[in-house]
Amino acid sequence: MQSISVITGTMMPLPRANVDTDQIMPKQFLKRVERTGYGQYLFWDWKRTPKGEPDPDFPLNQPQYGNAKVLVAGPNFGSGSSREHAPWGLQDWGFEAVIAPSLADIFRTNCTKIGLLPVQLHPTEVDTLTTLAQNRPDSRITIDLEAQTVRAPGLSTRFRIDAFTKWRMLNGFDDIGLTLRHTDDIDAFELTRAPHLPSLR
C-alpha cells in the first residue's frame, strides 16, 4: 500500500446518514476475484435512474466532482457487512480519504489496511465541509496525517487516530508489509525446524 503524508484536493459531498457497504458496493459485484477495478461499480444503484441511465443529480456523475480526492459523508458511514470491496471501490475511484461524523468500525479498519484515510470530525465541522463542497466545488482541502490536521476555507481542525495505525499509514505498511519486516526472523526460525515438518522455505 502507498504511504500517506499529506492529502490535498477537492471534495465530493454525500450528506446521507447510515450509508452501508451494500450501497457503496452492491453484492452482485462481489463475485469478481480481482482486487482492482471496483471503482466503476461504486454507488451503482444510486448513480442510476430507475431506467438505468446516469442520474445527473447524484454527485458521482457531476463533472465538478470528477477528480475529488476526499469524500465528505454523513454519520455512520460504512455500516453493514464487513466487505472489503467497499473501500476498494472508493479508493479505485480516486478517493484518498473519507471524512464523516462517525464511521463503522470494521469499515474504518478495512480502509486503514489499504491506505484509504478515514477521518472522523465533529458534525458541525463535517457540515461546514459539505456546504463548502456543494457551494464551491473547486475548494481545496488539505489533510495532514503527521500533524493530524484538516484545513479548508473556513475550517482548521484536528482529528484523532491511534498511534499504531498512524505509523502504519505513514510508512505504507499493510498486513503483508508488517509481516515482511520480520523476514530475517522468519527465515532463522524456519532453519531450526525439523526437515519432516511443513516449511515456508
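**Entry 1: a bridge partner.** I started at isoleucine 99 and asked which residue is its bridge partner in strand 5. The partner is valine 119. I note here that this is a predicted model. Next I looked up the strands around that bridge. Strand 4 covers residues 97-100, and its pairing with strand 5 is parallel, over four bridges.

Entry 2: Four strands make it up, in the order 2-3-4-5. The sheet is open, and the pairing is parallel. Which strands stand at the edges? I found strand 2 (11-14) and strand 5 (117-120) there. Each has a single partner strand, so one side of each has no neighbour in the sheet.

**Entry 3: salt bridges.** How many salt bridges does the structure hold? I got four.

Glutamate 96 pairs with lysine 69, and their closest N and O atoms are 3.8 Å apart. I checked where the two partners sit. Glutamate 96 is in the loop between helix 2 (85-93) and strand 4, while lysine 69 is in the loop between helix 1 (21-24) and strand 3 (70-73). The pair therefore ties together parts that are 27 residues apart in sequence. Glutamate 96 is partly exposed, at 30% relative accessible area. Lysine 69 is partly exposed too, at 29%.

Aspartate 105 pairs with arginine 108, with the closest N and O atoms 3.0 Å apart. Both residues lie in helix 3 (residues 105-112). They are three residues apart, so about one helical turn separates them. Is aspartate 105 buried or exposed? It is exposed, at 55% relative accessible area. The cut-off for exposed is over 50%. Arginine 108 is partly exposed, at 24%.

Glutamate 34 pairs with arginine 32, and I read 3.6 Å between the closest N and O atoms. Glutamate 34 counts as partly exposed, with 39% relative accessibility. Arginine 32 is partly exposed, with a relative accessible area of 26%.

**Entry 4: two helices.** I moved on to helix packing. Two packed helices are described by the angle between their axes and the distance between the axes. I looked up both values for helix 2 and helix 3. The angle is about 50°, and the axes are 9 Å apart. These helices are therefore oblique to each other. The crossing of helix 2 and helix 3 is right-handed. Which residues make the contact? From helix 2 I listed Ala86, Pro87 and Leu90. From helix 3 I listed Phe107, Asn110 and Cys111.

**Entry 5: asparagine 110.** Asparagine 110 lies in helix 3. Is asparagine 110 buried or exposed? It counts as buried, at 11% relative accessibility. The cut-off for buried is under 20%. I then asked what asparagine 110 is in contact with, leaving aside its neighbours within four places in sequence. The list is Ser82, Arg83, Glu84 and Pro87.

Note on methods
Residues numbered from 1 in each chain as written. Predicted model: local features only at pLDDT ≥ 70, side-chain atom pairs only at ≥ 80, totals over all residues. Heavy atoms only, no water. Pairing = 2+ DSSP bridges. Helix = DSSP H or I, 4+ residues; strand = E, 2+ residues; numbered from the N terminus. Salt bridge = Lys/Arg side-chain N within 4 Å of Asp/Glu carboxyl O. Buried < 20%, exposed > 50% of the residue type's maximum accessible area, 1.4 Å probe, protein only. Axes fitted to C-alpha atoms, helices over the stretch in contact; angles between N-to-C directions. Parallel < 35°, antiparallel > 145°, perpendicular 65-115°, else oblique. Left-handed = near helix turned anticlockwise from the far one by under 90°. Contact = heavy atoms within 4.5 Å.
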